[in-house]
Amino acid sequence: MIHSIELKDPTVSLIVSILVGTWGIDRFIIGDTGLGVAKLLTCGGLGIWTIVDWFLIMDLTRQKNMQKLNIYLDMYKY
Amino acid sequence: MTRNRLYLMLGLGIAAGYGWVIWSSQNDALHSDLTPCLFKNSTGIACPSCGSTRSVLLLSQGYFSKALLLNPLGILMALIMVIVPFWLLYDIILNKDTLYYNYKKAEDTIRIKWVAISLILLIILNWLWNIQKGL
């Protein structure tokens with residue numbers, strides 16, 4: 001069912017990214033676990049990746065939401 | 001994330017990592033207070049991965065136990081920095097996707113609840129240790 005899809009709010013990811021992005025928590029919540037670990041281990045990519053993600057995270061969240069919706073829509077295509 | 005995108009990011013990340021370690025070793029990072037860490041610069045408190053550059057530098061000079069005591073995450077980072085470039089080259093030259101497959105598998109393993117909770121606890125413990133050491 002479409003209700004069971006866990007969509008993430010882009011604004012929430014942005015707030016998380018600004019507050020605890022250095023530890024990769026923003027990447028973890030949008031489902032990029034591997035990159036989250038990388039960000040955590042490198043202190044947010046020496047701080048640079050943290051700042052870059054402030055600008056990318058909202059679009060990334062929307063893309064992830066779209067991917068989840070597409071999987072659902074493909075299942076009920078036929 | 002596609003295979004090629006992951007490989008590009010890993011390649012750039014590893015290159016940046018080596019660049020950072022070489023720059024730090026030439027600027028005597030072991031005895032300097034300069035840090036790129038946003039958290040430490042804004043709060044004055046060490047973050048979970050603070051000290052890992054110094055740990056990698058100590059390891060490169062052969063001081064394994066000193067590196068482990070400074071920050072065990074440095075050992076993990078050094079292992080990644082040594083293994084991943086070869087793995088990456090192997091996959092690219094032979095046009096395989098073993099690294100991508102294992103990355104996905106590792107992501108799935110980390111997402112298992114008890115694994116995730118144990119890892120988070122370890123990171124928090126290491127963080128408390130970092131603060132106690134005054135890194």
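Colleague: What pattern does chain A follow along the sequence?

Modeller: Read in sequence order, chain A goes α-α-α-α-α. This is a predicted model, in which local features need pLDDT of at least 70, side-chain atom pairs count only at pLDDT 80 or more, and totals for chains, interfaces and linings use all residues. Residues are numbered from 1 along each chain as its sequence is written, while chains are lettered from A and ligands numbered from 1 in the order in which they are written.

Colleague: How many helices and strands are there in chain A?

Modeller: Five helices and zero strands. The C-alpha trace of chain A spans about 50 × 20 × 15 Å along its principal axes.

Colleague: What share of chain A is made up of buried residues?

Modeller: Of the 78 residues in chain A, 35% are buried. A residue is buried with 20 or more other C-beta atoms within 10 Å of its own, exposed with 12 or fewer, and partly exposed in between, the C-beta atoms being placed from the backbone.

Colleague: What makes helix 3 of chain B largely enclosed by the rest of the structure?

Modeller: Seven of the nine residues of this helix (residues 52–60) are buried, so helix 3 of chain B is largely enclosed. The buried ones are B:Ser52, B:Thr53, B:Arg54, B:Ser55, B:Val56, B:Leu57 and B:Leu58. Their cover includes helix 1 (3–26), helix 4 (64–70) and helix 5 (73–93) of chain B. Just after helix 3 of chain B, B:Gly62 has a positive phi of about 95°.

Colleague: Why does B:Tyr101 count as exposed?

Modeller: B:Tyr101 has 12 C-beta neighbours inside 10 Å, and the cut-off for exposed is 12 or fewer. Therefore B:Tyr101 counts as exposed. B:Tyr101 lies in helix 6 (residues 98–111) of chain B. Its C-alpha atom is 8.7 Å from that of B:Arg3, 98 residues apart along the chain.

Colleague: How many residues of chain B are in contact with chain A?

Modeller: 18 residues of chain B are in contact with 14 of chain A, where contact requires C-beta atoms, placed from the backbone, to lie within 7 Å. On the chain B side, helix 1, helix 2 (38–43), helix 5 and helix 6 each give two or more residues. Helix 6 of chain B gives the most, with five.

Colleague: What is the side of chain B that touches chain A by class?

Modeller: That side has 14 nonpolar, two polar and two charged residues. Nonpolar covers Ala, Val, Leu, Ile, Met, Phe, Trp, Tyr, Cys and Pro, charged covers Asp, Glu, Lys and Arg, and the others, Gly among them, count as polar.

Note on methods: Helix = DSSP H or I, 4+ residues; strand = E, 2+ residues; numbered from the N terminus. Contact = placed C-beta atoms within 7 Å.
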